[in-house]
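Please open the model in your viewer and keep the selection panel at hand. The stops below say what to select next and what is to be found there.

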Amino acid sequence: TIIRIEPPHPVLAIGNRRVFRRIVRANAGRQAGDRPVDMRGIEKRRRIAMADRAGDYIAGLFSAEDELLASLREEADRTGLPPIAISADEGRLLQVLLTAINARRVLEVGTLGGYSAICMARALPPGGRLLSIEIEETHAAFARRYVERAALADRIEVRVGRALDVLPSLDGERFDAMFLDADKEPLPTYF
C-alpha cells in the first residue's frame with residue numbers, strides 16, 4: 001500500500017512490493033527531473049476534506065507536541081533550516097501507521113532536522129532501526145544532535161549523501177516502511 005499525502009507533502013510507502021514493482025516498471029528509463037508517469041492507474045488517491053472542527057477534534061485526540069520536538073522545531077527556525085518539517089499531527093500519524101504494521105525497519109529519505117525520524121523511531125519496537133538519508137551535512141549534524149537528545153541514537157542512523165547515490169548501496173536490504181520526504185522530482189526513481 002502506498003499512502004500518499006498530496007504534494008508538497010511527503011510519501012509514506014508501506015509494505016506491498018507488487019505496487020513498488022509496478023511503479024518502477026511504469027517509470028523505467030526515466031531520469032531525475034523527468035515527469036513521473038501518472039500514478040492514478042496504479043494507486044487510486046482519495047482526498048478527504050474535513051471541516052476545521054473535525055480536524056481540531058482529531059488533533060485533540062493525540063497528545064500535544066512534546067518539549068523535545070517543540071525545541072527542535074524552534075531551534076530549526078532560529079538556525080535557518082528550511083521551514084518544511086512535518087507537522088506534529090503528521091508525526092503522530094506516522095507513529096500510528098508504523099505501530100499498526102509493527103514496523104521494525106524504516107527507511108527515510110530526507111532527514112532535515114530529524115523531526116520525522118524521531119517521531120517514527122519512537123513507534124518502533126525494541127531492536128527496531130531507522131535509516132535516514134540526508135543530502136546536507138549541516139542538516140544531518142543538526143538531526144544527530146536531536147537524535148542524541150531524544151536518546152534514540154541506538155535506533156536512528158543518519159547517512160549523508162544524495163539519495164539516488166545512497167539507495168543503490170541498500171540493494172537487498174528489507175524495510176517495512178519507507179518515508180520519502182525529500183526532493184519530489186526523482187520520486188519514482190527512489191523506488
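**Stop one: a loop residue**

Begin by selecting L112, which lies in the loop between β3 (105–109) and α5; helices here are DSSP runs of H or I with at least four residues, strands are runs of E with at least two, and both are numbered from the N terminus. This is a predicted model, in which local features need pLDDT of at least 70 and side-chain atom pairs count only at pLDDT 80 or more, whereas totals for chains, interfaces and linings use all residues. Residues are numbered from 1 along each chain as its sequence is written, and side-chain values use heavy atoms, with hydrogens and water left out.

Although L112 is not a glycine, its phi is positive, at about 50°. Most residues other than glycine have a negative phi. L112 is buried, with a relative accessible area of 12%, where buried means under 20%, exposed over 50% and partly exposed in between, computed with a 1.4 Å probe on protein chains only.

**Stop two: α5 and its partner α3**

Next select α5, residues 115–123, which is mostly covered, since eight of its nine residues are buried. These buried residues are Y115, S116, A117, I118, C119, M120, A121 and A123.

To see where they touch, show L68, L69, L72 and R73 in α3, which meet Y115, I118, C119 and R122 in α5; contact means heavy atoms within 4.5 Å. The residues of this contact of α3 with α5 divide into six nonpolar, no polar and two charged, where Ala, Val, Leu, Ile, Met, Phe, Trp, Tyr, Cys and Pro count as nonpolar, Asp, Glu, Lys and Arg as charged, and the others, Gly among them, as polar.

**Stop three: α3 against α6**

At what angle do α3 and α6 pack? The angle is about 160°, with the axes 11 Å apart, and α3 and α6 are therefore roughly antiparallel to each other. The contact is made by L68, S71, L72, E75, A76 and T79 of α3 together with F142, R145, Y146 and R149 of α6. By class, the contact of α3 with α6 has five nonpolar, two polar and three charged residues.

Move on to A151, which is found in the loop between α6 and β5. The phi of A151 is near 60°, a positive value in a residue other than glycine, and A151 is exposed, with a relative accessible area of 60%.

Leaving aside its neighbours within four places in sequence, A153 is in contact with R129, V147 and E148. Of these, R129 is 24 residues from A153 in sequence and 9.8 Å from it in space, C-alpha to C-alpha.

**Last stop: the whole chain**

Finally, select the whole protein chain, which has eight helices and six strands. Of its 191 residues, 42% count as buried.

Terms used: Axes are lines fitted to C-alpha atoms, for helices over the stretch in contact, and angles run from 0 to 180 degrees between N-to-C directions. Angles under 35 degrees count as roughly parallel, over 145 as roughly antiparallel, 65 to 115 as roughly perpendicular and the rest as oblique.
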